[in-house]
Amino acid sequence: MQRLTISLDDELAEAFDQLMQKRGYANRSEAVRDLLRRELGESDLASGHSKECVAVLSYVFDHHERQLASRLTGLQHDHHDLAIATMHAHISHEDCVETVILRGATRKVQEFAHAVIAESGVRHGEVKLIPVQSKPGTALWRRKS
Ligand code: NI
């Protein structure tokens, strides 16, 4: 464990404390650790350093839209190696929300998620990638210290 001392101007320190409070962090160290992990993880994904990832894909769609529900299920079956779990909820008479957990090669996971998001009738599509192989401290599984 290393101890870092950082200097912040008053305005930034105050904004940071407010953010911490809003997000429910008990202390600055945990908040800084999370910020660093997120940045390092995104950097690993962007640079191609993390070849494997897990991801959470979510989107809303109208199940009345012609063939859309079966197209989405078909896409998941075509990529059953990537799409490891799906949760579906009916949020109104027309609309459904689905969350798909993906796991596999980062590039394939991204391609699959973007193909789903690009389907006509899919709205509010978002994918969050989490690196599996990455720099120490940013990996999915934390070593116990
Ligand atoms: Ni539904």
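**View 1. Leu 8 lies in the segment before α1 (10–23).** In this predicted model, Leu 8 is partly exposed, its relative accessible area being 39%. Leu 8 belongs to a nonpolar patch on the surface, which it forms with Leu 4, Ile 6 and Leu 12; together these residues have about 430 Å² of accessible area. Since membership of such a patch calls for over 30% relative accessible area, the value of 39% for Leu 8 is in keeping with its place there.

**View 2. Four strands make up an open sheet in the order β2-β3-β1-β4.** The pairing in this sheet is antiparallel, and its edge strands, β2 (83–90) and β4 (122–131), each pair on one side only. From one strand to the next, the twist averages 15°.

**View 3. Strands β2 and β3 (residues 95–105) pair in the antiparallel sense.** In general, the strands of a sheet pair through backbone hydrogen bonds, in either a parallel or an antiparallel manner.

**View 4. Helix α2 (residues 28–47) packs on the sheet.** The helix touches β1 (52–62) and β4, and the direction of α2 makes about 100° with that of β4.

**View 5. Helix α4 (residues 106–118) packs on the sheet, where it touches β1, β3 and β4.** For this helix the angle is given relative to β3, with whose direction that of α4 makes about 160°.

Notes
Residues numbered from 1 in each chain as written. Predicted model: local features only at pLDDT ≥ 70, side-chain atom pairs only at ≥ 80, totals over all residues. Heavy atoms only, no water. Patch = residues over 30% accessible without salt bridge, like charges linked within 9 Å, V, L, I, M, F, W, Y side chains within 5 Å. Areas by Shrake-Rupley, 256 points an atom, 1.4 Å probe, with all protein chains shown as cover. Salt bridge = Lys/Arg side-chain N within 4 Å of Asp/Glu carboxyl O. Helix = DSSP H or I, 4+ residues; strand = E, 2+ residues; numbered from the N terminus. Buried < 20%, exposed > 50% of the residue type's maximum accessible area, 1.4 Å probe, protein only. Pairing = 2+ DSSP bridges. Axes fitted to C-alpha atoms, helices over the stretch in contact; angles between N-to-C directions. Contact = heavy atoms within 4.5 Å.
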